[in-house]
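This report describes one protein chain, part by part. Please look over the sequence and the structure before reading on.

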Amino acid sequence: MTLILGVDGGGSKTRAVVTDDSGVIRGEGQAGCGNHQTSGIDAALAEIRAAAEQAVHEAGAAPDEIAAVCYGLAGADRPADFAVLRPALASLPYRNWDVVCDTMTGLRTGSPDGIGVVLVCGSGTNAAGRNARGETIQTGGFGYLYGDAAGGSHMAEETFRAAVRSWELREIPSRLTQDVPAWYGFETMEQLVNDWLDRGIYHVSSDLTLVLHRAGEAGDELAVRLLRSAGRELGLAAASVILRLGGFAAFGSRPIPIVLTGSVLQKGRSPHLLGALEETLRDRAGAPFELVIPKIEPVFGAVLLAMDRLGFRAPQDALQRWASESPR
């Protein structure tokens with residue numbers, strides 16, 4: 001029996017899964033933040049080590065019995081990041097391993113050969129891709145100053161701004177002027193604005209995007225506009241990845257899979273956002289594509305990349321099992 005370890009290290013938690021070569025889950029582990037940009041390399045490495053050790057121990061295995069490991073880590077964006085991560089990960093007791101950005105594990109969850117484009121839209125946003133020649137590129141992921149204009153945090157801020165502007169008659173009428181204060185326990189925008197200004201509050205949490213989605217579902221014109229704006233930005237990012245990697249011809253003969261990951265895309269699924277994404281991508285990239293919403297967790301993308309490293313192909317029934325199971 002060959003054992004494979006996949007690790008998904010994010011900003012809030014790190015997950016690890018050990019499977020055998022038939023895809024049966026043998027062990028799981030979970031720990032804290034695995035993003036070195038957030039907590040520093042020593043703290044991140046400790047969480048990665050803890051999650052991996054839990055999974056390997058539960059599998060009843062020793063580290064030298066793990067045939068391949070893939071670490072898919074948030075914050076593994078640039079050569080400077082890998083210069084920090086590789087020496088640190090080399091200190092862990094696994095002999096055959098690789099580290100990739102978590103965008104690549106996300107891509108692998110929706111692409112059978114790891115070729116295509118991945119769009120991330122959770123609290124933040126990112127886009128990346130891999131063409132048929134194995135070349136990779138990343139667009140965005142570094143915040144508003146560096147060109148990003150989507151992601152839950154950005155959308156929440158735009159939602160609050162829109163509610164304020166509509167209340168002050170600087171925007172069209174919108175139900176956001178009722179829904180936003182109600183979300184925070186106020187009866188009116190005036191009460192909310194005065195309370196927050198008195199307390200010096202100038203930031204909103206990304207969960208306000210839930211209010212935006214509900215207003216969009218109800219057909220609110222201003223909410224629909226904001227959702228379409230986010231979709232357009234995501235479409236521009238996906239088109240950027242395709243064009244920077246050589247256009248459609250560089251991806252092979254089939255439509256390019258556009259893998260959608262992150263809570264805004266996987267759970268929100270706003271038809272206004274997705275419609276604008278598709279329209280923009282068609283206009284800018286000029287390439288056939290298909291939107292793919294993965295059914296498996298990102299940690300299984302890491303498992304699949306580790307299997308790829310060994311030359312294994314996960315059985316179809318394993319993918320179906322993983323789709324119905326979430327790591328603890």
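Threonine 19 has isoleucine 25 of strand 3 as its bridge partner. Strands here are DSSP runs of E with at least two residues, helices are runs of H or I with at least four, and both are numbered from the N terminus. The model is predicted: local features need pLDDT of at least 70, side-chain atom pairs count only at pLDDT 80 or more, and totals for chains, interfaces and linings use all residues. Residues are numbered from 1 along each chain as its sequence is written, and side-chain values use heavy atoms, leaving out hydrogens and water.

Strand 2 (residues 14-20) and strand 3 (residues 25-31) run antiparallel and are joined by 6 bridges; two strands pair if DSSP finds at least two bridges between them. The two form a hairpin with 4 residues between them, and glycine 23 in the turn has a positive phi of about 90°. Strand 1 (residues 3-9) is also antiparallel to strand 2, with 7 bridges, one of which pairs aspartate 8 with arginine 15.

Is strand 2 enclosed or open? 7 of its 7 residues are buried (under 20% relative accessible area, with exposed over 50% and partly exposed in between, using a 1.4 Å probe and protein chains only), so strand 2 is largely enclosed by the rest of the structure. Thr14, Ala16, Val18 and Asp20 lie on one side, and Arg15, Val17 and Thr19 on the other.

An open sheet of 5 strands has mixed pairing and the order 8-7-6-9-10. Strand 8 (136-139) and strand 10 (289-292) are at the edges with a single partner strand each, so one side of each has no neighbour in the sheet. Strand 6 (residues 116-121) and strand 7 (residues 125-130) run antiparallel, joined by 6 bridges. In this pair, cysteine 121 stands opposite threonine 125.

## Aspartate 207

Aspartate 207 sits in the loop between helix 7 (189-199) and helix 8 (209-217). Its relative accessibility is 35%, so aspartate 207 counts as partly exposed.
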